[in-house]
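Thank you all for making time this morning. I would like to take you through one structure, and I would ask you to keep the sequence and the coordinates open as I speak.

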Amino acid sequence: MKCKRVNEPEQITAVAGLAREIWTEHYVPIIGAAQVEYMLGKFQSEAAVARQILGEGYEYYLVPDAAYLALVPDGAKKSVLLSKIYVKSTQRGTGLGRELVEFAVARCRELGGTELWLTVNRNNAGSIAFYERMGFR
């Protein structure tokens with residue numbers, strides 16, 4: 001897996017592009033097109049990703065043309081939020097999602113975290129099942 005830390009503008013552009021592709025396909029049936037557009041603009045646009053990286057402590061990682069994730073360390077709580085983990089539909093079932101979770105666990109440890117946590121939409125059954133297989137509860 002070629003997972004690279006996102007620091008450059010072209011990487012941010014790639015993340016925003018993947019977000020649009022993945023979110024449009026995956027979330028429109030769950031939350032509707034209008035809500036997807038709102039969420040993309042607020043949290044997954046180039047400007048939002050850049051703001052999160054530069055000013056909000058997010059670490060983004062990109063697997064070009066396949067997936068991305070974002071982590072938010074909290075040193076005071078010794079925890080790391082797995083804020084985003086998104087894999088293109090063509091890459092699901094290949095083990096890439098598992099590798100990304102393993103990467104997140106390892107990075108959590110490197111950051112001194114003792115807990116890796118996440119949230120998920122309660123209607124996102126496929127993702128919930130994946131997270132449970134990965135050991136989240």
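Predicted model: local features only at pLDDT ≥ 70, side-chain atom pairs only at ≥ 80, totals over all residues.

Let me begin with the charged side chains, where a search of the whole structure finds six salt bridges, and I will discuss some of them in detail.

The side chains of Glu 59 and Arg 5 meet in a salt bridge, with 3.8 Å from N to O. This pair links distant parts of the chain, since Glu 59 belongs to strand β2, residues 59-63, while Arg 5 belongs to strand β1, residues 4-5, and the two are 54 residues apart. How exposed are the two partners? Glu 59 has a relative accessible area of 6% and is therefore buried, the cut-off being 20%, whereas Arg 5, at 37%, counts as partly exposed.

Glu 59 also forms a salt bridge with Arg 107, and here the closest N and O atoms are 2.8 Å apart. Arg 107 sits in helix α4 and Glu 59 in strand β2, so that this pair, too, links distant parts of the chain, 48 residues apart. Which of these two residues are buried or exposed? Both Arg 107 and Glu 59 are buried.

Because Glu 21 lies in helix α1, residues 9-31, and Lys 88 in the loop between β4 (79-87) and α4 (96-110), the pair ties together parts that are 67 residues apart in sequence. Glu 21 is partly exposed at 40% relative accessibility, while Lys 88 is buried, with a relative accessible area of 17%.

Let me turn now to the leucine. Leu 82 is found in strand β4, and at 3% relative accessibility it counts as buried. Leaving aside residues up to four places away in sequence, Leu 82 touches Leu 69, Ala 70, Leu 71, Ala 104, Leu 116, Trp 117, Leu 118 and Phe 136.

Next, helix α5, residues 125-133, where the buried residues are Ser 127, Phe 130 and Tyr 131. They lie on the same side of α5, because they cover an arc of only 95° around the axis. As a reminder, an α-helix has 3.6 residues a turn, so residues three or four places apart point the same way. The buried residues of α5 pack against α1, β4 and α4, and the face turned away from that buried side carries the exposed residues Ala 125, Glu 132 and Arg 133. After α5 comes Gly 135, whose phi is positive, near 100°.

Finally, helix α2 (residues 33-44) and helix α3 (residues 46-55) pack at an angle of about 35°, their axes being 5 Å apart. Gly 41, Lys 42, Phe 43 and Gln 44 of α2 make this contact with Glu 46, Ala 48, Val 49, Arg 51 and Gln 52 of α3. By class, the contact has three nonpolar, three polar and three charged residues.

Technical notes. Residues numbered from 1 in each chain as written. Heavy atoms only, no water. Axes fitted to C-alpha atoms, helices over the stretch in contact; angles between N-to-C directions. Helix = DSSP H or I, 4+ residues; strand = E, 2+ residues; numbered from the N terminus. Contact = heavy atoms within 4.5 Å. Nonpolar A, V, L, I, M, F, W, Y, C, P; charged D, E, K, R; others polar. Salt bridge = Lys/Arg side-chain N within 4 Å of Asp/Glu carboxyl O. Buried < 20%, exposed > 50% of the residue type's maximum accessible area, 1.4 Å probe, protein only. Arc of directions from axis to C-beta.
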